[in-house]
Amino acid sequence: CHGLEQGTGVERRGEGVELEEAEGCKSKEAEIKRINKELANIRSKFKGDKALDGYSKKKYVCKLLFIFLLGHDIDFGHMEAVNLLSSNKYTEKQIGYLFISVLVNSNSELIRLINNAIKNDLASRNPTFMCLALHCIANVGSREMAEAFASEIPRILVAGDTMDSVKQSAALCLLRLYKTSPDLVPMGEWTSRVVHLLNDQHMGVVTAAVSLITCLCKKNPDDFKTCVSLAVSRLSRIVSSASTDLQDYTYYFVPAPWLSVKLLRLLQCYPPPEDAAVKGRLVECLETILNKAQEPPKSKKVQHSNAKNAILFEAISLIIHYDRWVTPPSGAPPALLLLLPPPPPSAPPVLKVAILAEKYAVDYSWYVDTILNLIRIAGDYVSEEVWYRVIQIVINRDDVQGYAAKTVFEALQAPACHENMVKVGGYILGEFGNLIAGDPRSSPLVQFNLLHSKFHLCSVATRALLLSTYIKFINLFPETKGTIQEVLRSDSQIRNADVELQQRAVEYLKLSSIASTDVLATVLEEMPPFPERESSILAKLKKKKGPGAGSELDDGKKDPNAEMNGGVEPTASTASTPSPSADLLGLRAAPSASSGAPPSSGNLLVDVFSDSPSGTAGLAPGTEENFLRFVCKNNGVLFENQLLQIGVKSEFRQNLGELRVGIARGWGESSCPIHRGDGPGELNVQTKAVEPLVEGGAQVQQVLNIECLNDFTEAPLLNIKFRYGGTLQNITLKLPVTVNKFFQATEMQSQDFFQRWKQLSLPQQEAQKIFKASHPMDSEVTKAKLLGFGSALLEKVDPNPDNYVGAGIIQTKALQVGCLLRLEPNAQAQMYRLTLRTSKESVSKHLCELLSQQF
Amino acid sequence: MQFMLLFSRQGKLRLQKWYVPLSDKEKKKITRELVQTVLARKPKMCSFLEWRDLKIVYKRLYASLYFCCAIEDQDNELITLEIIHRYVELLDKYFGSVCELDIIFNFEKAYFILDEFLLGGEVQETSKKNVLKAIEQADLLQEVSKQFFD
């Protein structure tokens, strides 16, 4: 660090000494004295007989500016500054412009001179001079400047021979003029050319142009509507670029973050693109952004995550914005959710958005906004956990309580307000309404009337909540007591047919009448913070941030108590279950088996719950489809609902297989799940517990080792028990282990194939099925499925090139079964004929059954 | 962005850039109030705060210098935090490990660099190279002109 400047040399040092003196003055008076001395000196120099040379003028104008910025008023020097503008030395001009931009003077003569100088510089064709002039206009942005230059700037902006640096300054200069004097910037031919600046190869030009277009299109949407597809292309190119592509525009491994945010903001000015190609590209783009956000970070620096998250927030804002236009087919969730990363249909996407929002919330007011928006847009699909959670968060964070109160108050103003919004609003105003009660627009009575206006439209549960809010209001705002008591006293409350409502009304009325203010205050004390569980998503985020990494999360958080709601549940690691013996898991074959009596081996966790209601009557609904998807692939999501997501990664070799079952909790009070697999006798399934992943309990992995003893038709079962909401929950799933997993592909020549085919000609050795195609009959996809099934694909065997021929061997401990298959498609009829020939009847039948369901 | 203020821990204003038209009196009032508010913040507090009808994004440099931006409600505060960081990087690169003194004695350079980076309150050029190239050009011109005219 040096106090000396590069490039101006000796004189600066002298100046510096004087200024240092001023800076170093011990008292205000001494400083003022010193300053005045200097001012007098400068004044005399300006008035002196000798005309000052440019250099000295610059020096003194600069000093004046410095003194002004120290906080002292300056009433002279403008003329000298304006004179500097007409110098042809860049640095003199620069200081002149700086002075007049900072000390704006409304003297009309000066203005005339300034505008004249600017005009000359704009016409000079010297890019550095032009930029100086444009910067000045952008900095001052006065009406007089707008009058003088508003028509000139657009011309400069779109002229073919304008340098990049000038273009980018011209764009933002025009923006400033438009903001202050929109009437002086008429739309014209230039608007379409400005849109094309989005395609410019200079990123600075694009960055500036986007800001300009975003502002202009708000009042003139039609003039700029072609920007949408260009913006999407640009965004798409940025988002999919490698970090080396954009070079100096990459910021801590994030490509062009400011430009990306700006483009996403621009897109929020228009409805979703209608053109299918553009829409497709945009959806891809948004998916990439959402997916990238979930990837492990490329850098530990907070700048990287801030930039990435800034883009993520803007992308989510865009998705929420689009929801207004896309009408969902009845019964399906709103389209905004269709833009999220692909989940299987069973997952409630609203929950995904909510989890994402919580996971990436660095700023909790943003989180509150997002959830309230979700409620506003997709209220029907917002489950209880979502709005419980936002309330929990608001209660736990002092710094977002006022914001939440204000935001729900505003949201409740909407004439048609979703009931969930009333619930959330009622609760939050009941706890924190006092934070906005000072403003007459949201005074206590106003808040009460607002809530009560929705009362009769609500369900019993919501009304009960509102009644509680009313008694809280009586406590917080004694002036509302009379009004609220009247309401409680009314027949519709105290004689309400619903017992809960009646009871609440009667009791609250009594409480408000007889309790002293102290007692009332104690009874209705502000809700204490919810204790944060060790394994909560927030704790995970906190841990990731680490110490000193701008721990915004710690703000306003009250100290959590040690106890958890409803007792401590053991995590997989602490339970240290001895792994169940192999015998345990070999016996059940029926898919609809309930888990029945707990097994006899020393499985501690199972013992804990041994008196709890035993297993499900059947398999969890909707799992068959997922299970079938696993026939031709080894990795994927096996099951998903509001509470859990279960993924499987598997690997098979000969007659052995390894399954890694990952269980991720959504949220809620679910404790860590325990599970065991039940296999048909032909499969030996061993479970091996694995340490929960380092990110603290939100995910647990279990490894299952499988040995195929013999061919089998039934899949092994996975049973998962866990606690949620105080009750024991149970899910049974089929593990994606089918006999074709032990299928080893076998290559062979056409002669060999036909020889074997003839050998397996007994009727019981063949299984055949003719069926309608349930997927598009795409040749590549079909081949991939056959390979995924485990078969070899034999070329040049079947005389008909459209047919598929395969071969392989099923590997089991007891025996090996050779299999041949032939798949004949009929594209016209959209049907297939599948023929399986193996040495074992049951295998032929089963494989045929399995495979036919894949097409 | 509506304005950017740089001030020391003692509340002395080192740089003030206003992107909206305000009278001198209003500017002084805003500065006084905001400086007080930000200086009262504890070290571990959030970098974002609500003030009047604006969002304030601020960052502390070397514990002695505050960079403070005021943005509108719909603006993206996270990216604004990175605007501050980028500006600090630019100053750092130009001055070589920037400190408060640099900004005091070379205040005009701080303004020039800011004008290359942001214009009219909007991000203009985010390439460090391009911004510093523009500034260095000016310095070069100065050197050249000194030779001929002194």
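Is Gln654(A) buried or exposed? In this predicted model, Gln654(A) counts as exposed, at 52% relative accessibility. The cut-off for that label is over 50%, so a value of 52% places Gln654(A) among the exposed residues. Gln654(A) sits in the loop that links strand 4 (644–653) to strand 5 (656–665) of chain A. Its backbone also deserves a look: although Gln654(A) is not a glycine, its phi is positive, at about 50°.

Lys796(A) belongs to the loop between strand 13 (792–793) and strand 14 (804–811) of chain A. The phi of Lys796(A) is positive, near 55°, and this residue too is something other than glycine. Lys796(A) is exposed, with a relative accessible area of 78%.

Ser241(A) lies in the loop between helix 14 (227–239) and strand 1 (250–251) of chain A. Its relative accessible area is 12%; since buried means under 20%, Ser241(A) is therefore classed as buried. The side chain of Ser241(A) comes to 2.7 Å from the backbone oxygen of Ile238(A). Once neighbours within four places in sequence are set aside, Ser241(A) is in contact with Leu246(A) and Pro255(A).

How far can the details of chain A be trusted? The mean pLDDT of chain A is 76, and 75% of its residues score at least 70. Among the elements of chain A, helix 15 (residues 257–267) has the highest mean pLDDT, 95, whereas helix 31 (residues 604–608) has the lowest, 20. Residues 327–348 of chain A have a pLDDT below 50, and this stretch has 43 contacts in the model beyond near neighbours in sequence. The pLDDT is also below 50 over residues 691–697 of chain A, where the model has ten contacts beyond near neighbours in sequence. Where pLDDT is low, the predicted coordinates should not be read in detail. For the complex, the predictor gives an ipTM of 0.90 and a pTM of 0.53.

Turning to chain B, the average pLDDT is 87, with 93% of the residues scoring at least 70. Residues 145–150 of chain B stay under 50 in pLDDT, and for them the model has three contacts beyond four places in sequence. Chain B contains five helices and seven strands. Followed along the sequence, these elements give the pattern β-β-α-β-β-β-α-α-α-β-β-α. Of the 150 residues in chain B, 64% are buried. Chain B exposes about 6,200 Å², and carbon and sulfur atoms supply 54% of that area. Among contacts in chain B with a separation of 6 or more, 49% involve residues 24 or more positions apart.

Five strands of chain B form an open sheet with antiparallel pairing, in the order 2-1-5-4-3. Strand 2 (13–18) and strand 3 (48–51) of chain B are the edge strands, and each of them pairs on one side only. From one strand to the next, the twist averages 20°. Strands of a sheet pair through backbone hydrogen bonds, either parallel or antiparallel.

Strand 1 (residues 3–8) of chain B runs antiparallel to strand 2 of chain B, and five bridges join the two. Within this pairing, Leu5(B) stands opposite Gln16(B) of strand 2. The hairpin made by strand 1 and strand 2 of chain B has four residues between the strands, and in this hairpin Gly11(B) takes a positive phi near 85°.

What covers this part of the sheet? Helix 4 (residues 107–117) of chain B lies across strand 1 and strand 2 of chain B, and runs at about 35° to strand 2. Strand 2 of chain B is mostly covered, with six of its six residues buried. Strand 2 thus brings several descriptions together: it is an edge strand of the sheet, it is joined to strand 1 by five bridges, and helix 4 of chain B lies across it.

Technical notes
Residues numbered from 1 in each chain as written. Chains lettered and ligands numbered in written order. Predicted model: local features only at pLDDT ≥ 70, side-chain atom pairs only at ≥ 80, totals over all residues. Heavy atoms only, no water. Pairing = 2+ DSSP bridges. Axes fitted to C-alpha atoms, helices over the stretch in contact; angles between N-to-C directions. Contact = heavy atoms within 4.5 Å. Buried < 20%, exposed > 50% of the residue type's maximum accessible area, 1.4 Å probe, protein only. Areas by Shrake-Rupley, 256 points an atom, 1.4 Å probe, with all protein chains shown as cover. pLDDT = per-residue confidence, 0-100. Polar contact = N/O pair within 3.5 Å; in protein donor to acceptor, adjacent residues only side chain to side chain.
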